[in-house]
Amino acid sequence: MSAKSRRPIYLSYSGPQLLATSLLNKGTAFSATERRDFNLDGLLPARFETLEEQAHRAYLQYQSFAEPINRHIYLRMVQDTNETLFYYLLNKHLAEMMPIIYTPTVGDACERFSEIYRRARGLFISYPDRDNLDAILHNATKRHVKVIVVTDGSRILGLGDQGAGGMGIPIGKLSLYTVCGGISPAYTLPILLDVGTDNPELLHDPHYIGWQHPRISDQQYDAFVEKFICALQTRWPDALLQFEDFQQSKALPLLQRYQNRLCCFNDDIQGTAAVTVGTLLSACRIQNQPLSNQRIVFAGAGSAGCGIAAQIIRQMQQEGLSEADAKKRILLIDRQGLLSQAMSNLPDFQLQLAASTDELDQLGLASGADLLTVIQKAQPTVLIGVSGQRGLFSRTIIETMQDNCPQPIIFPLSNPSKQIEATPEEIMQWTQGKALIATGSPFAPVQIAQQNYHIAQCNNSYIFPGIGLAVIIAGIKQITDNLMMTASNVLATAAANQTIDQGLLPPITACQQISRDIALAVAQQAIKDNLAPPQTLAMLEAALEKHFWQPAYRSYRRTSD
Ligand SMILES: NC(=O)c1ccc[n+]([C@@H]2O[C@H](COP(=O)([O-])OP(=O)(O)OC[C@H]3O[C@@H](n4cnc5c(N)ncnc54)[C@H](O)[C@@H]3O)[C@@H](O)[C@H]2O)c1
Ligand SMILES: O=C(O)C[C@H](O)C(=O)O
Ligand SMILES: [Mn+2]
């Protein structure tokens, strides 16, 4: 539906209050009639500007900042002043601005959150306010919240505990829900659960903006989250809740506790698994091999690593392997080396995926073997980095892998860029341009022997906006691994024509189309799986068109009209 054919919005706001409401503010784009009707005369300079003209000025201002962090601060200011202009700008310059509002610059913004803090956005729910949750949610002032991203700031990208500074992540993720998934910013809400921080620098920083207190005990934490979830369910029972950047000890337990109680998912476990399986399928297509032929080694067996491994096993089972045989194709390495069933004290989610003693014997590997030894002996065809450790993939490791596999698939997925296991440039040089690479953060194309290779950004941002859109158009009640698998297959299909030099995934500028495709496929699957009320494809398509928000100014009328 074009913006022009949309009905006017009836407002009770006027004057400075209207200009201060970022979802409604048009700045110099308020017409003469609107200026008169809404008491704006004299509050704006004389000239009327179109959105396009405003965006032109904003882009010049944006370019006047050299440092990514300053560009981030600028864009966040535009977002907090005029959201229509912010999303119009983003749409126009998506490839350039996505790394500024999202990964990797959002990582700097989280680390420096207190220092660069300007204006309030979203909800900070701190532990001392635990008896006031309903009032806090009420203060969000948004009646129709449909997508929430929540973090407790405990594992922000590969940057560890950032406390309240972690709020940068939900804000950035929700910006992508809007720009890629067409979800109106009026429906989104970022939330930071402030349960303290164990980051010593933040605990001693006189400017720290959060609750300056060590993280609460596990018992207090569980009770607090439970209260939060209950308050959410009372106020917005149909909203989608995305858990984001929770530390390992919390991520999976929270997902397991809540996935059957409300419409929620953990992006680092499930969204990452979906994008990675989709990207792997794209690499397999280039190699003309099924996924089930690959032997896969993980460096990092945390939320992301084990989430991806579990989804790979499901995909291999779909290709015809038994669960046991699929498991055998995967080896996981964490700080203590190769994970095996012989290790005591492994958490359950790792134990389930750890190698059996029989497998170790067959491969001639010892429990706890280091990465290099595992690569020498197991001869993997795929290496996935989700460790957050810069430099973990050394030249020796990559060269050793290629000794037994001429075209290795190597995915250093850790974010932000400074935490990557090895850069695409390094890997391409060490493999003479042969490796099929995908990274979590964006990287410039690599030139080898006069050939430019684009590097796919295997980031969950290809997945979650489409999931959100699916929930909205179909009224999905629960997010399952099967729905995530549907999303990864849609992504693989979208990548079906990629050539090696174009990279394993379509460019991020294709994200709107991919999100639409994911939304429709996931919605249909949810209906089949009885997770949403029946609707025809035509009905879903119509709902998608109706909901897909585009940045354009609407006309306003006074409520008294
Ligand atoms: N590309 C994406 O879309 C995406 C999505 C999620 C997470 N990530 C990235 O993956 C990384 C991990 O995220 P997570 O949620 O799994 O965190 P996590 O803390 O749950 O897991 C990280 C694991 O790496 C292990 N590790 C640390 N040093 C290691 C080493 N030298 N060798 C082997 N293992 C080591 C840790 O012990 C831990 O188990 C982060 O950098 C994050 O930014 C990327
Ligand atoms: O935030 C990202 O860029 C991806 C992912 O969710 C991460 O935690 O690294
Ligand atoms: Mn994350």
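**Exercise 1. In which sense do E8 and E9 pair, and over how many bridges?**

Solution. This is a predicted model. Start with the pair itself.
- E8 and E9 pair in the antiparallel sense, over two bridges.
- For a residue-level check, find Ile-333: Leu-338 in E9 stands opposite Ile-333.
- Next, find what packs on the sheet. H15 does, and H15 touches strand E7 (296-299), E8 and strand E10 (382-385).
- Finish with the angle: the direction of H15 makes about 175 degrees with that of E8.

**Exercise 2. Write down the strand order of the seven-stranded sheet and name its edge strands.**

Solution. 
- The order reads E9-E8-E7-E10-E11-E12-E15.
- The sheet is open, and its pairing is mixed.
- Each edge strand pairs on one side only; the edges are strand E9 (337-338) and E15.

**Exercise 3. Divide the chain into domains, then describe how domain 3 meets domain 4.**

Solution. 
- Take the bounds: domain 1 is 1-98, domain 2 is 102-262, domain 3 is 270-458 and domain 4 is 462-528.
- Between the C-alpha centres of domain 3 and domain 4 the distance is 23 Å.
- Now count contacts, using C-beta atoms within 7 Å. Domain 3 contributes 26 residues and domain 4 contributes 20.
- Sort the domain 3 side by element. Two or more residues come from each of helix H14 (267-287), helix H15 (303-318), strand E12 (436-439), strand E14 (451-453) and strand E15 (456-457).
- H14 gives the most, with 13 residues.
- Sort the domain 3 side by class: 13 nonpolar, eleven polar and two charged residues.

**Exercise 4. Characterise the shells around ligand 1 and ligand 2.**

- Ligand 1 has 30 residues around it; Gly-158, Gly-302, Ala-304, Gly-388 and Gly-440 come nearest.
- Domain 2 and domain 3 each supply at least three residues of the ligand 1 shell.
- H14, H15 and strand E8 (330-334) each supply at least two.
- The class count for ligand 1 is ten nonpolar, 16 polar and four charged.
- Ligand 2 has Thr-103, Leu-157, Asp-245, Asp-267, Asp-268, Asn-415, Gly-440, Asn-459 and Asn-460 around it.
- The class count for ligand 2 is one nonpolar, five polar and three charged.

**Exercise 5. Where are the cis peptide bonds, and which non-glycine residue has a positive phi?**

Solution. Recall the background: most residues other than glycine have a negative phi, and most peptide bonds are trans.
- One cis bond joins Thr-103 and Pro-104, with omega about 10 degrees. Pro-104 sits in the loop between helix H6 (94-101) and helix H7 (105-111).
- Another joins Asn-415 and Pro-416, with omega about -15 degrees. The loop holding Pro-416 runs between strand E11 (409-412) and helix H21 (424-430).
- For phi, the residue is Asn-345, at about 75 degrees. Asn-345 lies in the loop between E9 and helix H17 (348-351).

Conventions: Residues are numbered from 1 along each chain as its sequence is written. Chains are lettered from A and ligands numbered from 1 in the order in which they are written. This is a predicted model: local features need pLDDT of at least 70, side-chain atom pairs count only at pLDDT 80 or more; totals for chains, interfaces and linings use all residues. Domain bounds come from an automatic or database domain assignment. Two residues are in contact if their C-beta atoms, placed from the backbone, lie within 7 Å. Helices (H or I, at least four residues) and strands (E, at least two) are DSSP runs, numbered from the N terminus. Ala, Val, Leu, Ile, Met, Phe, Trp, Tyr, Cys and Pro count as nonpolar, Asp, Glu, Lys and Arg as charged, and the others, Gly among them, as polar. A residue is near a molecule or strand if its C-beta atom, placed from the backbone, lies within 6 Å of it. Two strands pair if DSSP finds at least two bridges between them. Axes are lines fitted to C-alpha atoms, for helices over the stretch in contact, and angles run from 0 to 180 degrees between N-to-C directions.
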